[in-house]
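This report concerns charged side-chain pairs and an annotated domain. Please consult the sequence and structure shown below.

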Amino acid sequence: MIAPPASWSAILDPVLGTAGARALDRWLMDEEAAGRLVFPPARQRFRALGLTPPDAVKVVILGQDPYHGAGQAHGLAFSVPAGIRPPPSLRNILRELEDDLGVPAPESGDLTAWARRGVLLLNTALSVEEGRAGSHARRGWAPITDAILRAVARRDAPTVFVAWGSHAQTRARAIPDLVEDGPHLLIESPHPSPLSAYRGFFGSRPFSRANDFLIANGREAVEWRLDPDHAS
C-alpha cells in the first residue's frame, strides 16, 4: 500500500501494519491484476491527508466512497478534478454553498482549495471499483479511516465534523470523542444526493454554521469561495 503522508504516519503506521491492512493491500493488487479498474489510482488514495495535515484540520466532511466513474475520483470526498462535470451530489453541495454564503457557484467541482484551507475531505472507503458504488466499503478500509477520525476527534482544537446522510452519521457517532462532551461540533443533515437533498440538505447552512462555530471557539473561519481569485 502507498505510504500515507509523513504528517499522518504516527497515526496510520500502526494500523497499516496490521494483518487486515495487509490483506486489503493484497486484495487491491489482485483486483487490478485481474483487470478491474479501481478508482482513484493508488497514488491518490491518501491525497486528502497530504493536502490537510492533522494540525491543520478545521472541518471534516465525511463521504462514503470515491466516485466510480472514469476520471472523477482524485482522492478527495465529493470532489472531481477540474474539467470534469460535477456529479449531482456535488452540484447540490455547490448550490447550497451559494444559497448559504451568497458566493457564486463555481464552474469547477475541484475542491482542492478547501483541502488546502483545513477541510479534510475524507471518504470512509478510499477506493471503489469502476461502476460499482460501495464495492470496497467492506474490504478493510474502516479501521484505517476510523483511526483518522479518532485522531482528529482526540485533539483539543475545536473542529467541525460534517456528516451528510445516514452512512456518514453512523460512522461519526461511533467516535466517542466526537459525540461525548468535548470541544467539537457535529453537523448532520440528509445527503446532498438528488434523492434526499430536498428532505433537509438544502437550507441546512453547513458552511456558515461551521464558520460561526470556528470563530466562536477562537479559530479562523474557512474561506469557502472556490472562484479563481480564492484558489489557494
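Glu129 and Arg132 form a salt bridge whose closest N and O atoms are 2.9 Å apart; a salt bridge is a side-chain nitrogen of Lys or Arg within 4 Å of a carboxyl oxygen of Asp or Glu. Glu129 is buried at a relative accessible area of 13%, whereas Arg132 is partly exposed at 46%. Here buried denotes under 20% relative accessible area, exposed over 50%, and partly exposed the range in between (1.4 Å probe, protein chains only).

This is a predicted model, in which local features need pLDDT of at least 70 and side-chain atom pairs count only at pLDDT 80 or more, while totals for chains, interfaces and linings use all residues. Residues are numbered from 1 along each chain as its sequence is written, and side-chain values use heavy atoms, with hydrogens and water left out.

The structure holds 8 salt bridges, among them the following.

| Salt bridge | Closest N and O atoms |
|---|---|
| Glu129 and Arg132 | 2.9 Å |
| Glu31 and Arg36 | 3.4 Å |
| Arg95 and Asp99 | 3.9 Å |

Glu31 is buried, with a relative accessible area of 11%, and Arg36 is partly exposed at 37%. Arg95 is partly exposed at 36%, while Asp99 is exposed at 53%. Arg95 and Asp99 are separated by about one helical turn, because they lie 4 residues apart in helix H4 (residues 88-101). Helices (H or I, at least four residues) and strands (E, at least two) are DSSP runs, numbered from the N terminus.

An unreviewed UniProt entry places the feature "domain: Uracil-DNA glycosylase-like" at residues 50-214; such annotations may be inferred rather than shown by experiment. Residues 50-214 are 33% helix and 13% strand, and their end C-alpha atoms lie 22 Å apart.
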